[in-house]
Amino acid sequence: DLKGVPIMQFKERVVDFGEVKKGEKREHTFEFANLGDTPLRIGVISACDCTTTEYSTDPIPPGGKGKIRVVFDSTEKEHDEVIDVDIILDNTEPDTGRPIIERLQYKYTLR
């Protein structure tokens, strides 16, 4: 049942940064729409220490759009990886009270 919850629809959930030199930074902005019937509120975004994120903490109304900017710093990296970016909403599942969690990913090849 998807009533009473926000629904994050992303243009893409996985981004390939391709070949990245050690010490290089790459960034990407994930765009999404709230297709649910309630305002969407991002509580926290969690990723590895190599990743910084920027996003609005203002609620995204039903039908509204938002962005999550991800900046990857390869300075401390030693090999290719797929990095998870977990989005934990302030919204909860109505029947269980559990937080709603979404996942994005980016990958790269270190050269």
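Lys 11 is exposed, at 66% relative accessible area. Exposed means over 50% of relative accessible area, buried means under 20%, and partly exposed lies in between (1.4 Å probe, protein chains only). The side chain of Lys 11 meets that of Glu 31 in a salt bridge, with N to O at 3.2 Å. This pair links distant parts of the chain, 20 residues apart. Lys 11 sits in the loop between strand S1 (8-10) and strand S2 (14-20), and Glu 31 sits in strand S3 (residues 25-34). Glu 31 is partly exposed, at 30% relative accessibility. A salt bridge here is a side-chain nitrogen of Lys or Arg within 4 Å of a carboxyl oxygen of Asp or Glu.

This is a predicted model: local features need pLDDT of at least 70, side-chain atom pairs count only at pLDDT 80 or more, and totals for chains, interfaces and linings use all residues. Residues are numbered from 1 along each chain as its sequence is written, and side-chain values use heavy atoms, with hydrogens and water left out.

**Salt bridges**

How many salt bridges does a search of the whole structure find? The search finds 11. Three of them are set out here, including the one already described.

| Pair | N to O distance | Relative accessible area |
|---|---|---|
| Glu 31 and Lys 11 | 3.2 Å | Glu 31 30%, Lys 11 66% |
| Arg 111 and Glu 19 | 3.3 Å | Arg 111 55%, Glu 19 48% |
| Arg 69 and Glu 54 | 2.7 Å | Arg 69 24%, Glu 54 47% |

Take the bridge between Arg 111 and Glu 19. It links distant parts of the chain, 92 residues apart. Arg 111 lies in the segment after strand S8 (99-110), while Glu 19 belongs to strand S2. Arg 111 is exposed, whereas Glu 19 is partly exposed.

Now the bridge between Arg 69 and Glu 54. Its partners are 15 residues apart, with Arg 69 in strand S6 (residues 65-73) and Glu 54 in strand S5 (residues 51-55). Arg 69 is partly exposed, and Glu 54 is partly exposed too. Glu 27 joins Glu 54 and Arg 69 in a network of salt bridges.

The charges can also be counted over the whole protein chain. There are 16 positive and 22 negative side chains, and the centres of the two sets lie 4 Å apart. Lys and Arg count as positive and Asp and Glu as negative; His and the chain ends are not counted. Each charge is placed at NZ of Lys, CZ of Arg, CG of Asp or CD of Glu.

**The disulfide**

The structure holds 1 disulfide. A disulfide is a covalent bond between the sulfur atoms of two cysteines. The cut-off used is a pair of cysteine sulfur atoms within 2.5 Å. Cys 48 is joined to Cys 50, S to S 2.1 Å. Which hand does this disulfide have? It is left-handed, because the torsion about the S-S bond is about -45°. Cys 48 is partly exposed, at 24% relative accessible area. Cys 50 counts as buried, at 12%.

Val 70 is found in strand S6. It is buried, at 1% relative accessibility. Which residues does Val 70 touch, not counting residues up to four places away in sequence? They are Arg 26, Glu 27, His 28, Phe 30, Thr 51, Thr 52, Thr 53 and Tyr 106. Contact means heavy atoms within 4.5 Å. Val 70 and Thr 29 are 41 residues apart in sequence but 6.2 Å apart in space, C-alpha to C-alpha.

Thr 38 lies in the loop between S3 and strand S4 (42-46). At 18% relative accessibility, Thr 38 is buried. It touches Gly 4, Val 5, Pro 6, Ile 60, Pro 62 and Asn 91, again leaving out residues up to four places away in sequence.

**The whole chain**

The protein chain has 8 strands and 0 helices. Helices (H or I, at least four residues) and strands (E, at least two) are DSSP runs, numbered from the N terminus. Its C-alpha atoms fill a box of roughly 45 × 25 × 20 Å, taken along the principal axes. Of the 111 residues, 36% count as buried. Among contacts between residues at least 6 apart in sequence, 67% join residues at least 24 apart.
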